[in-house]
Amino acid sequence: FGSSVRCRWCQPAAAACCAMVRFLTALVAGVLAGSPYADGWNTNIDWIRLNSIPEATKSDGKAGKLRPVMAVIHAGWCHACAELKMQVSKNQNIEYMSKDFIMVNCPAGSEHEPKKDKWGTKFEPDGAYYPRIIFLTHKGNRLPVMNPDKDEEDQHQFFYNHPDQVEQAMTNALAAFRKSDDYKASMAEKGEL
């Protein structure tokens, strides 16, 4: 908005009104400048969509990095998802730890939700419910990481409802990833094992 733009609704206070419009435009642009795929899950996290996993792992490989995948599968109508989203969006530990992961946002009911016909049970190891978080190696194999408050006898082992559970699972996923055959093989190929 240059000085030649005049507000026709508030001629006497045109300068103040136009300054407010410039401020609000900058504010909205700043808020929207974060990750375009955050969908409210923390715009400071570099979220991608499901179909971008191969490209992200390839890019990591070229940069000499290996990161596991963390896929958050959620639904807009789900109250537990909304609660977790609100908590994750404010959690600085998850934001910091996310740099060690390829973060995938998978909203249910969209083309970004993993479908059984394409992915098998990789994203639904114990059923389709929301929210669930699944960890994969960079080669797409599921890591044996579940909600730390659950055990193998529990139903919905990949359901998370508190950020502390997510943080602990992220820590567990990094440890499991570094012990995985996929990681070891990739490191051996690079001559770093």
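This is a predicted model: local features need pLDDT of at least 70, side-chain atom pairs count only at pLDDT 80 or more; totals for chains, interfaces and linings use all residues.
Asp-182 touches Thr-137, His-138, Lys-139 and Asn-141, leaving aside residues up to four places away in sequence. Asp-182 sits in helix 7, which spans residues 181-189.

Take the charge of Asp-182 next. The residue is buried, yet it has no salt bridge. The nearest side chain of opposite charge belongs to Lys-139, 5.1 Å away. The side chain of Asp-182 does have a polar partner: it makes a polar contact with the side chain of Asn-141, at 2.7 Å.

Now move to Ile-133. This residue belongs to strand 4, residues 132-136. Is Ile-133 buried or exposed? Its relative accessibility is 2%, so Ile-133 counts as buried; the cut-off for buried is under 20%. Which residues does Ile-133 touch, not counting residues up to four places away in sequence? They are Met-70, Ala-71, Val-72, Phe-158, Tyr-160 and Val-166. Another pair involves Met-146. Ile-133 and Met-146 are 13 residues apart along the chain, and their C-alpha atoms are separated by 8.0 Å.

The cysteines come next. A disulfide is a covalent bond between the sulfur atoms of two cysteines. How many disulfides does a search of the whole structure find? The search finds zero. Cys-78 has a relative accessible area of 8%, so it is buried. Cys-106 is at 0% relative accessibility, and therefore it too counts as buried.

Step back to the whole chain. It holds seven helices and four strands. Read from the N terminus, the elements run α-β-α-β-α-α-β-α-β-α-α. Strand 4 carries Ile-133, and helix 7 carries Asp-182.

The chain has 193 residues, and 42% of them count as buried. The accessible surface of the chain comes to about 11000 Å². Carbon and sulfur atoms account for 53% of that surface.

Contacts close the tour. Consider those in the chain between residues at least 6 apart in sequence. Of these, 70% join residues at least 24 apart.

Methods: Residues are numbered from 1 along each chain as its sequence is written. Side-chain values use heavy atoms; hydrogens and water are left out. Helices (H or I, at least four residues) and strands (E, at least two) are DSSP runs, numbered from the N terminus. Buried means under 20% relative accessible area, exposed over 50%, partly exposed in between (1.4 Å probe, protein chains only). Lys and Arg count as positive and Asp and Glu as negative; His and the chain ends are not counted. A salt bridge is a side-chain nitrogen of Lys or Arg within 4 Å of a carboxyl oxygen of Asp or Glu. A polar contact is a pair of N or O atoms within 3.5 Å; within protein, one must be able to donate a hydrogen and the other to accept it, and residues adjacent in sequence count only if both atoms are side-chain atoms. Contact means heavy atoms within 4.5 Å. A disulfide is a pair of cysteine sulfur atoms within 2.5 Å. Accessible areas come from the Shrake-Rupley method with a 1.4 Å probe; for residues, only the protein chains shown count as cover.
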